[in-house]
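Have the structure open beside you as you read.

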Amino acid sequence: AEYMGTLSECLFFFAPLPSMHAARQLLTKPRLVILGSGWGGFRVGYDVDPRRYDVTVVSPVNHFLFTPLLCSTTVGTLEFRNILEPVRQCLPKCDFIHARATHVDFTRRVVRCRSVFELTNPDAQDVKIPYDKLVIAAGARSQTFGIPGVHEYCHFLKEIAHAQAIRQRLVQLFEQATERTCTRQRAEQLLHFVLVG
């Protein structure tokens, strides 16, 4: 006679084999990918439970910027480093990829990213990051309301580079206004500033 085994052994033996995707889910945590390291992305990365998710943050900037104090850096009240927090230091439970997300394939659940160093590293290649859950917190652009000349003649204030450019321009204008050859009328023109917002 042939050994048939117990009922539980038979159920286990005849149970269908899981797909590779299902097997991976049983052995690993769901992969959470966060696009952006601004207010939304940073908060999700900070609050997520690392026991429940493998977290990857993808961002072209490697820091969180405290934007309410950004205007203070333009005039020197604060130094730039005082309003920056490094992502890797503040989100140690997250894997950080310093790159730009260029495409999201929602069907295959893959984000394609390009290194921010592609201009200085000719060997840089696009990276594909699979995900189970995706948070898109890439931020927004400043609204110009279609006003002509805004992009050509204005300084926006949304990033550290913008604050540095404004500070540099302010110093340049003050220096020009103090030159011996600068007339009072020209100095008043140079030192006339308009703030919007």
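1. A word on burial first, since it matters below: a residue is called buried under 20% relative accessible area, exposed over 50%, and partly exposed in between. Asp132, at 13% relative accessibility, therefore counts as buried. Please keep in mind throughout that this is a predicted model.

2. The protein chain has eight helices and eight strands. Of its 197 residues, 26% count as buried. The accessible surface comes to about 14,900 Å², and carbon and sulfur atoms account for 57% of that. Looking at contacts between residues at least 6 apart in sequence, 51% join residues that are at least 24 apart.

3. Ala177 deserves a stop of its own. This residue belongs to helix α7, and at 15% relative accessibility it counts as buried. Leaving aside residues up to four places away in sequence, Ala177 touches Cys182, Ala187, Leu190 and Leu191. The C-alpha atoms of Ala177 and Glu188 are separated by 7.9 Å, with the two residues 11 apart along the chain.

4. Is Ser72 buried or exposed? At 18% relative accessibility, Ser72 counts as buried, since the limit is 20%. Not counting residues up to four places away in sequence, Ser72 touches Thr77 and Leu78.

5. On the surface, do have a look at the nonpolar patch formed by Trp39, Phe66 and Leu69, which together have about 270 Å² of accessible area. Phe66 is found in the loop between β3 and α4. With 32% relative accessibility, Phe66 counts as partly exposed.

6. Now to the charged pairs. The count of salt bridges comes to nine. In one of them, Asp54 pairs with Lys29, with the closest N and O atoms 3.5 Å apart. This pair links distant parts of the chain: Asp54 is in strand β2 (residues 54–59), while Lys29 is in the loop between α2 (20–27) and β1 (31–35), 25 residues apart. Both ends are partly exposed: Asp54 has a relative accessible area of 36%, and Lys29 is at 29%.

7. Which residue does Asp132 meet in a salt bridge? The partner is Arg31, at 3.4 Å from N to O. Here too the pair links distant parts of the chain, with Asp132 in the loop between β7 (127–130) and β8 (133–136) and Arg31 in strand β1, 101 residues apart. This is where the opening definition comes in: Asp132 counts as buried at 13% relative accessibility, whereas Arg31, at 21%, counts as partly exposed.

8. The last pair is Asp126 and Arg114, whose side chains meet in a salt bridge at 3.0 Å, N to O. Asp126 lies in the loop between β6 (110–115) and β7, and Arg114 lies in strand β6, so the pair ties together parts that are 12 residues apart in sequence. Asp126 is partly exposed at 33% relative accessible area, and Arg114 is partly exposed as well, at 31%. Salt bridges that share partners also bring in Arg112, joining Arg112, Arg114 and Asp126 into one network.

How values were computed:
Residues numbered from 1 in each chain as written. Predicted model: local features only at pLDDT ≥ 70, side-chain atom pairs only at ≥ 80, totals over all residues. Heavy atoms only, no water. Helix = DSSP H or I, 4+ residues; strand = E, 2+ residues; numbered from the N terminus. Buried < 20%, exposed > 50% of the residue type's maximum accessible area, 1.4 Å probe, protein only. Contact = heavy atoms within 4.5 Å. Areas by Shrake-Rupley, 256 points an atom, 1.4 Å probe, with all protein chains shown as cover. Patch = residues over 30% accessible without salt bridge, like charges linked within 9 Å, V, L, I, M, F, W, Y side chains within 5 Å. Salt bridge = Lys/Arg side-chain N within 4 Å of Asp/Glu carboxyl O.
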